[in-house]
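Have a look at the model first, then read the points with it open beside you.

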Amino acid sequence: MIRRPPRSTPKPSSAASDVYKRQIKGCDKKLATNWITVELFAVLNKKNLSITQSPVSAKNLSSLIKMITSGKISGKIAKDVFEKMQSSDKDPKQIVEKEGLLQLSDPKELEKIIVAVISKNQDKVTQYKSGKEKLFGYFVGEVMKASKGKANPQLVNEILKKKLH
């Protein structure tokens with residue numbers, strides 16, 4: 001007889017599962033599935049709760065996922081917001097606005113930060129242009145540091161590539 005190991009994720013009731021499925025309609029399916037099976041189930045396991053007892057409502061989780069896909073917040077910021085949602089189940093939009101966590105997606109603002117990072121690191125720019133392409137990650141990190149983690153990573157990559165070439 002073959003025994004299966006115990007499940008590491010809670011088995012959702014069909015009613016609760018249906019609620020989450022309805023709420024995440026319109027969300028990126030892969031991202032929503034990941035947030036439910038990884039982030040939400042981790043919280044449920046840690047607190048020994050069923051999905052019907054979730055500290056984060058399906059509606060608010062859906063709202064958080066939509067903020068990620070729209071580019072309003074990054075995945076890193078979303079995890080911080082999700083952490084705060086667990087204690088109050090507040091609307092993630094309220095948390096983001098109250099704490100000033102909106103992602104910086106204005107190309108002109110990002111360009112200012114990038115130009116400042118490049119001008120402070122001319123030695124590394126020279127190394128990068130002479131073939132040390134791994135330094136690209138260094139520049140991205142410096143821009144993220146300068147923006148306090150709020151810069152839109154995709155835009156940072158696009159603008160940096162243009163500026164460094």
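1. Start with helix α4, which covers residues 75–88 in this predicted model. Its 14 residues reach 20 Å from first C-alpha to last, close to the 20 Å expected at 1.5 Å a residue. Just past the end of α4, Asp89 takes a positive phi of about 50°.

2. Which residues of α4 are buried? They are Ile77, Ala78, Val81, Phe82, Met85 and Gln86. These buried residues pack against α2 (29–47), α3 (58–69) and α5 (92–99).

3. Now for the largest nonpolar core, which has 25 residues. Trp35, Leu40, Leu61, Leu64, Ile73, Val81 and Phe82 are the ones that touch the most other members. Two or more residues come from each of α2, α3, α4 and α5, and α2 gives the largest share, seven residues.

4. Setting aside neighbours within four places in sequence, Leu64 is in contact with Trp35, Ile73, Ala78, Val81, Phe82, Met85 and Pro92. There is also a second, separate core of 18 residues, with Ile113, Phe136, Ala151 and Ile159 among them.

5. Last, look at α6 (residues 107–120) and α9 (residues 153–164), whose axes come within 10 Å and cross at roughly 50°. That angle is why α6 counts as oblique to α9. The crossing is right-handed. On the α6 side, Pro107, Leu110, Glu111, Ile114, Val115 and Ile118 meet Leu155, Val156, Ile159, Leu160, Lys163 and Leu164 of α9.

How values were computed:
Residues are numbered from 1 along each chain as its sequence is written. This is a predicted model: local features need pLDDT of at least 70, side-chain atom pairs count only at pLDDT 80 or more; totals for chains, interfaces and linings use all residues. Side-chain values use heavy atoms; hydrogens and water are left out. Helices (H or I, at least four residues) and strands (E, at least two) are DSSP runs, numbered from the N terminus. The expected span of a helix is 1.5 Å times one less than its number of residues. Buried means under 20% relative accessible area, exposed over 50%, partly exposed in between (1.4 Å probe, protein chains only). Contact means heavy atoms within 4.5 Å. A nonpolar core is a set of buried Ala, Val, Leu, Ile, Met, Phe, Trp, Tyr and Cys residues joined through side-chain atoms within 4.5 Å. Axes are lines fitted to C-alpha atoms, for helices over the stretch in contact, and angles run from 0 to 180 degrees between N-to-C directions. Angles under 35 degrees count as roughly parallel, over 145 as roughly antiparallel, 65 to 115 as roughly perpendicular and the rest as oblique. A crossing is left-handed if the near helix is turned anticlockwise from the far one by less than a right angle, and right-handed if clockwise.
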